[in-house]
Amino acid sequence: MAVPRENIIIEKTDKFADRITKMYRYLSEKRQGDKDMLKQIVRSGTSIGANVSEGQFAQTKPDFLTKMTIALKEANETRYWLKRLHSYGSLNDKEFASIIDDNEEIISILTSITKTTKENLRNDGDKK
């Protein structure tokens, strides 16, 4: 029986969604942060992994690219909300540095995935 290949972006986005959810609960319980802002970050932060997961069962390469692009956009939106929470004072410097580093790593991986997929689609089109 074949051992399933490790998929780093799925692992990282799953762990990130867990961190975002825990952060949301913690800040909500401590009443630190605007409720609407916290709802936004939990939506965008968990949506990254949801779109990556959907992309694993894409019907076509363009469908896969669409899901990865949406995940990248959600990661960028999450970056925005993390910065707002930090500037608002809900996240201290250490907390912010830790979670923003994870977010930036996900953005970097998704950027690479979308760039490579676009190049592959272009190359597939040139072969026809």
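**Entry 1**

I looked up the mean positions of the 23 positive and 20 negative charges of the chain and found them 2 Å apart. The model I am reading is predicted.

**Entry 2: overall build**

I then listed the secondary structure: the chain has 4 helices and 0 strands. Along the sequence the pattern reads α-α-α-α. For the extent, I noted that the C-alpha atoms fill a box of roughly 55 × 35 × 20 Å along the principal axes.

I next looked up burial, and 34% of the 128 residues of the chain count as buried. The chain exposes about 8400 Å², and carbon and sulfur atoms supply 50% of that area. For contacts between residues at least 6 apart in sequence, I recorded that 71% join residues at least 24 apart.

**Entry 3: salt bridges**

How many salt bridges does a search of the whole structure find? I noted 4. As background, I recall that side chains of opposite charge can pair when their charged atoms come close.

I examined Arg19 and Asp102, whose side chains meet in a salt bridge at 2.4 Å, N to O. This pair links distant parts of the chain, with Arg19 in helix α1 and Asp102 in helix α4, 83 residues apart. I looked up the accessibility of both partners: Arg19 is partly exposed at a relative accessible area of 31%, and Asp102 is partly exposed at 27%.

I then turned to Glu54 and Lys67, which form a salt bridge with their closest N and O atoms 3.3 Å apart. Because Glu54 lies in helix α2 and Lys67 in helix α3 (residues 61-88), the pair ties together parts that are 13 residues apart in sequence.

Glu104 counts as partly exposed, at 31% relative accessibility.

**Entry 4: charged surface patches**

Which residues form a positive surface patch? I recorded Arg31, Lys35, Lys39 and Arg43. Within this group I followed Arg31, which is placed in the loop between α1 and α2 (35-55).

Asp18 counts as partly exposed, at 46% relative accessibility.

**Entry 5: Lys118 and Pro62**

Lastly I looked up Lys118, which lies in helix α4 (residues 93-127). Its relative accessible area is 41%, so Lys118 is partly exposed. How far apart are Lys118 and Pro62 in sequence and in space? I noted a separation of 56 residues in sequence and a C-alpha to C-alpha distance of 8.5 Å in space.

Conventions: Residues are numbered from 1 along each chain as its sequence is written. This is a predicted model: local features need pLDDT of at least 70, side-chain atom pairs count only at pLDDT 80 or more; totals for chains, interfaces and linings use all residues. Side-chain values use heavy atoms; hydrogens and water are left out. Buried means under 20% relative accessible area, exposed over 50%, partly exposed in between (1.4 Å probe, protein chains only). Helices (H or I, at least four residues) and strands (E, at least two) are DSSP runs, numbered from the N terminus. Contact means heavy atoms within 4.5 Å. Accessible areas come from the Shrake-Rupley method with a 1.4 Å probe; for residues, only the protein chains shown count as cover. Lys and Arg count as positive and Asp and Glu as negative; His and the chain ends are not counted. The place of a charge is taken as NZ of Lys, CZ of Arg, CG of Asp or CD of Glu. Patches are made of residues with over 30% relative accessible area and no salt bridge: like charges are joined within 9 Å, nonpolar side chains (Val, Leu, Ile, Met, Phe, Trp, Tyr) within 5 Å.
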